[in-house]
Amino acid sequence: MTPFRIVVPASSANLGPGFDSLGLALSLYLTVDVSASDAWEIEQHSAYLPEQVDAYDHLIVSAARETAAHWHEQLPPCHLSMQSDIPLARGLGSSASAIVAGIELADRVCCLSLTADEKLQLGASIEGHPDNIAPAVMGGLVISAAADGVAERVLLPVPDVETVLAIPGEALTTEAARDVLPAVYTREQAASASAISNVLVAALAAGDYARAGRMMEQDLFHEPYRQAMLPHYETIRSEAGAHGAYGTVISGAGPAMISFLPEGKGDSLVSRLQDRLPDYQVMRLKPDPNGVLSS
Ligand SMILES: Nc1ncnc2c1ncn2[C@@H]1O[C@H](COP(=O)(O)OP(=O)(O)OP(=O)(O)O)[C@@H](O)[C@H]1O
Ligand SMILES: N[C@@H](CCO)C(=O)O
């Protein structure tokens with residue numbers, strides 16, 4: 001096998017009201033170098049990778065094994081050397097990036113020639129929802145739904161914005177952040193929440209970022225229930241608004257928050273938030289237009 005490299009972007013899901021459906025790929029990456037080996041071997045070269053588990057059970061390897069098995073192929077063992085800039089369990093889609101890396105690995109090693117939709121379908125079934133998987137596979141801004149077991153998706157034009165991420169030191173797993181959500185919404189709540197989400201998607205499609213930002217900040221599906229877990233929620237929103245952000249929401253299941261700004265406005269917000277929240281990692285990121293790449 002000729003050695004190859006897989007690069008997968010991070011992603012931010014939800015964008016407020018697009019709960020479990022909207023996702024934007026971001027310019028922060030997981031990189032996996034793959035070469036032939038007699039047994040599964042994993043080298044990790046970054047703090048942003050989980051504690052070493054048995055190589056065979058590693059999320060990337062198990063996603064690769066599941067992909068090969070789905071297409072009735074045998075996956076030979078490989079040596080994997082990994083580097084990641086994506087913080088774990090902070091709302092930046094790290095698990096989706098790892099799953100997409102595993103699917104890409106099996107695609108290359110078993111010569112499957114999977115389409116982007118086949119990668120999305122399998123990734124969504126492993127992750128449980130398609131919102132981070134779709135942008136990790138396809139790049140840019142993707143609207144997706146698991147409709148009748150089939151992952152449907154529409155790519156919107158890559159938004160002409162930059163983002164600022166405010167990432168706290170403590171992790172919050174997606175599982176824990178889902179536990180605080182209501183099991184049931186009334187018809188009135190569901191109708192209002194989906195109307196806000198519909199206008200958000202239409203505004204993003206029209207490039208009307210000011211309206212999109214207003215809609216983002218009016219989510220009724222998850223933000224009202226999760227914000228109590230994020231001590232600086234209001235501070236980050238108001239600082240971002242004062243620095244020209246269109247809107248600020250919880251990134252994925254949190255605890256990171258993401259602000260959307262016009263090009264060129266991000267740096268001053270980064271400085272301000274880093275001053276006010278010295279324990280946070282604050283960074284400016286661009287949308288990633290490519291999704292997973294291997295070379
Ligand atoms: N590169 C990786 N290799 C192996 N496992 C990973 C990798 N990245 C993430 N994981 C696993 O995924 C877990 C984090 O998944 P979780 O869904 O809780 O958060 P997230 O994907 O970072 O954020 P969100 O889904 O809210 O955007 C990690 O604790 C780890 O178990
Ligand atoms: N959409 C998920 C997180 C990302 O998959 C949630 O908000 O729980």
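Predicted model: local features only at pLDDT ≥ 70, side-chain atom pairs only at ≥ 80, totals over all residues.
Colleague: Ok. At what angle do H1 and H2 pack?

Modeller: About 45°, with the axes of helix H1 (residues 59-70) and helix H2 (residues 94-109) 7 Å apart. H1 and H2 are therefore oblique to each other.

Colleague: Is the crossing left-handed or right-handed?

Modeller: Right-handed, as H1 passes H2.

Colleague: Which residues in H1 meet H2?

Modeller: Leu59, Ile60, Val61, Ser62, Ala63, Ala64, Thr67 and Ala68. On the H2 side, the residues they meet include Ala98, Ala101, Gly102 and Leu105.

Colleague: What does Ile60 touch, leaving out residues up to four places away in sequence?

Modeller: Val32, Leu80, Ala98, Ala101, Gly102 and Leu105. Ile60 is also among the residues that touch the most other members of the largest nonpolar core, along with Val32, Val100, Ala101, Leu105 and Ile133.

Colleague: How many residues are in that largest nonpolar core?

Modeller: 79. Domain 1 (4-157 + 289-294) and domain 2 (162-285) each give this core at least three residues.

Colleague: Switching to the domains, then. How many residues of domain 1 are in contact with domain 2?

Modeller: 22, and they contact 29 residues of domain 2. Strand S1 (4-14), strand S2 (18-36) and strand S5 (141-147) each supply at least two residues of the domain 1 side.

Colleague: Which of them has the largest share?

Modeller: S2, with five residues.

Colleague: And what separates the domain centres?

Modeller: 24 Å, taken over C-alpha atoms.

Technical notes:
Residues numbered from 1 in each chain as written. Chains lettered and ligands numbered in written order. Core = buried A, V, L, I, M, F, W, Y, C linked by C-beta atoms within 7 Å. Buried ≥ 20, exposed ≤ 12 C-beta atoms within 10 Å, placed from the backbone. Domains from an automatic or database assignment. Contact = placed C-beta atoms within 7 Å. Axes fitted to C-alpha atoms, helices over the stretch in contact; angles between N-to-C directions. Helix = DSSP H or I, 4+ residues; strand = E, 2+ residues; numbered from the N terminus. Parallel < 35°, antiparallel > 145°, perpendicular 65-115°, else oblique. Left-handed = near helix turned anticlockwise from the far one by under 90°.
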